[in-house]
Amino acid sequence: MLFRSDSRKASERDRDYYDGRQLTAEQLKVLKARNQPDIVINRIQPKINFLLGWEASNRTDPRAFPRTPNDEEASEAATDALRFVHDDSDLAQVFSAAWEHLLVEGHSGAIELTIEDGDKIVPVGWPWDRVFYDPHSRRHDFSDARYVGGYLWMDAEEAKERWPQKSDEIDTLINEHTFSRTYDDRPSRWVGAAGKGENRRKRVRIVQMYHRDKGEWFHCTFTRNVELERIAVPFRDQDGRSWCPMLMQSSFIDRNNNRYGLVRAMISVQDEINSRRSRALHRLSMRQVRMDEGAVADVDQTKAELAKPDGVIVTNPGANFEMLQTGDQLAAELNLLQEAKNEIEL
């Protein structure tokens, strides 16, 4: 039911890079051994934020167009209805969240159309790490998927109030962990009064899934193997056919059906920026020398003095001792660093 673990991990990595968590444990260990700060020059986040702002500033109001001159009045009425629903449901914010997921993780999460108070259509946004889909789906809009759905966590008491006939089954599934860290409750643990990680609230994982059966779409709610409810989808098109109200979109799809976003193309360039900046900083703090054998009494002590900004080096009389100029190597590193920054900008 889940999308592939390698695709999920790659999307999590893309989100980490956007958030500035870009160095591995091994890289941090090397920097610590050098007494060098773990600086990250995050060029991905401002680029994505620019595109988020671009989407917000270029929004347009929904509008219905007439198919014939006789449909002018009907199109105006439809436009008024669309704009009322748009404003009443705060749809712009739902779209912005989906746009961010498209850019970073590669698929929009989901926008689910639900019905409240009998006839009011309300769009509900699902974040990318709470949805799943048919892994055989190859289309950008998931229109060829046999099923799509999402996970949510709620307090056990709330779940039992909603499905009182399943109270005993719900009690057996309290605080159950998933087999994927992506879908676990957030936060899974926190620091309590005793200073230890604990989880006081009783929570249960609920799955909501839309699936197609013999051309008809159904909505099923369950937790593990306990079915809570199952209903036919009420949405119909102009030909009377049912359709899935959980709408999803992806940016790019590779040949293995993995979905990915714009951040994926920036990862290697961002790694180069971090690496070259780190090496340039390391070169600035290091100096190289050429000397005759026996020119200094203690080579290790000389290395320590060279690493100091005010180091003093004592050489033996008559021995050759020369500081090497490495400015050309530093300049090359800085030039390549600038090229990598320009690559992300362009």
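Buried means under 20% relative accessible area, exposed means over 50%, and partly exposed is in between. I start there because aspartate 19, at 36% relative accessibility, counts as partly exposed on that scale. The structure I am showing is a predicted model.

First, the overall picture. The protein chain has 346 residues, and buried residues make up 38% of them. Its secondary structure comes to 10 helices and 14 strands. Taking the contacts with a separation of 6 or more, 64% are between residues 24 or more positions apart. The chain exposes about 21,200 Å², and carbon and sulfur atoms supply 50% of that area.

Next, the salt bridges. A search of the whole structure finds 14 of them. I will go through a few.

Back to aspartate 19. Its salt-bridge partner is arginine 21, with the closest N and O atoms 3.8 Å apart. Arginine 21 also meets the side chain of aspartate 16 in a salt bridge, at 2.9 Å from N to O. How accessible is arginine 21 itself? Arginine 21 has a relative accessible area of 54%, so it is classed as exposed. Aspartate 16 is at 26% relative accessibility and therefore counts as partly exposed.

The second case is arginine 203 with aspartate 155. Their side chains form a salt bridge, 3.2 Å from N to O. Is arginine 203 buried or exposed? With a relative accessible area of 15%, arginine 203 falls under the 20% cut-off, so it is buried. Aspartate 155 is at 23% relative accessibility, so this residue counts as partly exposed.

There is also a network of salt bridges, which links Arg13, Asp14 and Arg264.

Aspartate 80 is placed in helix α4, which covers residues 72-88. The relative accessible area of aspartate 80 is 54%, so it is exposed.

One is tyrosine 133, in strand β3, residues 131-133. Its relative accessible area is 3%, which means that tyrosine 133 is buried. Tyrosine 133 and tyrosine 147 are 14 residues apart along the chain, and their C-alpha atoms are separated by 6.0 Å.

The other is asparagine 274, found in helix α8, residues 267-284. Asparagine 274 is at 8% relative accessibility, so it counts as buried. What is asparagine 274 in contact with, leaving aside its neighbours within four places in sequence? The contacts are Gln22, Leu23, Val40 and Ile41.

To recap the accessibility values: arginine 21 is exposed at 54%, aspartate 80 is exposed at 54%, arginine 203 is buried at 15%, asparagine 274 is buried at 8%, and tyrosine 133 is buried at 3%. That is what I have on this model.

Definitions and conventions: Residues are numbered from 1 along each chain as its sequence is written. This is a predicted model: local features need pLDDT of at least 70, side-chain atom pairs count only at pLDDT 80 or more; totals for chains, interfaces and linings use all residues. Side-chain values use heavy atoms; hydrogens and water are left out. Helices (H or I, at least four residues) and strands (E, at least two) are DSSP runs, numbered from the N terminus. Buried means under 20% relative accessible area, exposed over 50%, partly exposed in between (1.4 Å probe, protein chains only). Contact means heavy atoms within 4.5 Å. Accessible areas come from the Shrake-Rupley method with a 1.4 Å probe; for residues, only the protein chains shown count as cover. A salt bridge is a side-chain nitrogen of Lys or Arg within 4 Å of a carboxyl oxygen of Asp or Glu.
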